[in-house]
Amino acid sequence: MEGGGKTITLVARKACFGLPTACPSCLPVYVFLKLTGLPFFFNYNLTYPDSDQIPYVETDECNVAYDNENGGVIETLKKDGIVDLDTGLDDIPEWISIKAMITSWLADAVLYELWVGSDGTSAYKIYYSDLPWPISKFLYYKQVNLAKQLLGITKENAVRREKEIYSKATKAYEALSARLGEDLYLFESRPTSLDALLLGHVLFTLHALPETSNLRSKLLTHTNLVKSAESFMTNYVVTSDSSSGLQPGDPLSSGSQSQSHQSTSASGRGSSNWRSNPRSKPKREKTEEEKTFRRRAKYFLVTQLAAVLIFLSLFGGSDNVDMEVDNDDDGSIYG
């Protein structure tokens, strides 16, 4: 494992549901950095809810690892020699098959539950609760349609695809539970990036999905997976009774008050936990990647505003819009 005294900053979506970040893409990166034991700062980006570049990690050398580039943040950190937990493991067949189950079968199940198989309440809290209502409504339906396209769901095959998605998730849980057994980690009694991916999924499913979730109920039958997530919360995440958001009976509520590794800077500038405000950083010259990201962000705001105005101008005068939306198979939220 490297590190080299680099200052690392993780930028993710906001905390909710008692999690340091409730974004299913951000949470595994947070878990990965915690498992490395390296100090890092943790900031939130609330401005661009559907940006595929979030999460991203910055280092003090002005390098930025975006989620939509080079295989994602964790893979970029490994390739750049910043930190690697998988030395000697990531080429073996079993490693490849387990990674495929987590990043494909379980990821598809979360995508389905978040955008298609629920009323959208969790998605709203994670991504859109800080946006004006018309914009959040528009972006939600846009993401629902995108999720259906990614999952290959149509009106004709919706029932069949739902069964396939849950069947694969069930098989994945069974295989992962058997692989983990009574151990803390999946391979060689040491944490790896696969543990981060799995823990991130388990924590998200238990916390962010509603109690009526089919995926959540299937996960709860595998107690060793739940216990591994509980152990991570106990040892690595700072929470408190007043701000953790854990409810009585929550499978992660036991022993979640202590933490063995805090996200502190190497120079001793204090701790950064998931309740703190983003730290102020000394000004530096922006990299080309950052300039491109900010430029795209401006275009994003302009295009989304224009789309909302067009949406309102087309449908604002109709008295039957709500009825049509309710009858559409996308569902309706925030009504």
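1. Pro49 is found in the loop that runs between strand 2 (40–44) and strand 3 (56–59); helices (H or I, at least four residues) and strands (E, at least two) are DSSP runs, numbered from the N terminus. Pro49 is buried, with a relative accessible area of 6% (buried means under 20% relative accessible area, exposed over 50%, partly exposed in between, with a 1.4 Å probe and protein chains only). The C-alpha atoms of Pro49 and Ile126 are separated by 8.6 Å, although these residues are 77 apart along the chain.

2. A remark on the basis of these values is in order. The model is predicted, so that local features need pLDDT of at least 70 and side-chain atom pairs count only at pLDDT 80 or more, while totals for chains, interfaces and linings use all residues. Residues are numbered from 1 along each chain as its sequence is written, and side-chain values use heavy atoms, with hydrogens and water left out.

3. The largest pocket has a volume of about 1,200 Å³. On a 1 Å grid over the protein atoms alone, a pocket is an open set of points where a 1.4 Å probe fits, with protein on both sides within 12 Å along at least five of seven lines; lining residues have an atom within 4 Å of a point. The volume is the space filled by probe spheres set on the points, which are joined across faces, edges and corners. Of the 38 lining residues, Pro24, Ser25, Asp67, Ala107 and Leu111 are the closest to the centre of the largest pocket.

4. Helix 3 gives the largest share of this lining, ten residues. By class, the lining has 22 nonpolar, nine polar and seven charged residues (Ala, Val, Leu, Ile, Met, Phe, Trp, Tyr, Cys and Pro count as nonpolar, Asp, Glu, Lys and Arg as charged, and the others, Gly among them, as polar).

5. The whole structure holds eight salt bridges, each a side-chain nitrogen of Lys or Arg within 4 Å of a carboxyl oxygen of Asp or Glu. One of them joins Asp130 and Lys14 (3.1 Å, N to O). Asp130 lies in the loop between helix 4 and helix 5 and Lys14 in the loop between strand 1 (8–12) and helix 1, so this pair ties together parts 116 residues apart in sequence. Asp130 is partly exposed at 48% relative accessibility, whereas Lys14 is buried at 15%.

6. Glu94 and Arg179 also form a salt bridge, with 2.7 Å between the closest N and O atoms. Glu94 belongs to helix 3 and Arg179 to helix 6 (residues 158–180), so the pair ties together parts 85 residues apart in sequence.
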